Amino acid sequence: MHDMKDDEPGIALARLHKTRERNKRAVDHALAHLEREGVKVPEATIAALYEDALWFANMPEIIRALYQQFGKHAPPCFS
């Protein structure tokens with residue numbers, strides 16, 4: 001019988017990778033939306049967002065804060 005415990009680190013790593021990719025896409029989309037609104041987000045803020053995308057699972061909260069600071073209207077998925 002196969003012991004699932006052998007696979008747990010691989011599964012956890014795959015989940016972390018998926019979360020990081022999802023977070024990066026969320027940052028990409030938020031920045032593109034702000035750019036279309038004519039908002040210039042400072043480079044330091046952009047770098048911090050991508051750094052946060054590596055470590056935080058709850059990017060919608062972080063992106064909501066970005067819109068509150070720089071944007072006019074957040075897209076519905078971040079409202």
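## Contacts along the chain

Contact here means that heavy atoms lie within 4.5 Å. Among contacts in this chain between residues at least 6 apart in sequence, 62% join residues at least 24 apart.

A quick note on what you're looking at: this is a predicted model, where local features need pLDDT of at least 70, side-chain atom pairs count only at pLDDT 80 or more, and totals for chains, interfaces and linings use all residues. Residues are numbered from 1 along each chain as its sequence is written, and side-chain values use heavy atoms, with hydrogens and water left out.

## The overall build

The chain has three helices and zero strands (DSSP runs numbered from the N terminus: H or I of at least four residues for helices, E of at least two for strands). Read along the sequence, that gives the pattern α-α-α.

Of the 79 residues, 27% count as buried, meaning under 20% relative accessible area with a 1.4 Å probe, protein chains only.

## How helices 2 and 3 pack

Helix 2 covers residues 43-55 and helix 3 covers residues 59-70; they pack at an angle of about 165°, with axes 10 Å apart. (Axes are lines fitted to C-alpha atoms over the stretch in contact, and angles run from 0 to 180 degrees between N-to-C directions.) So helix 2 is roughly antiparallel to helix 3, a label for angles over 145 degrees.

Who touches whom? Thr45, Leu49, Asp52 and Ala53 in helix 2 meet Met59, Ile62, Leu66 and Phe70 in helix 3.

How values were computed
Angles under 35 degrees count as roughly parallel, over 145 as roughly antiparallel, 65 to 115 as roughly perpendicular and the rest as oblique. Buried means under 20% relative accessible area, exposed over 50%, partly exposed in between (1.4 Å probe, protein chains only).
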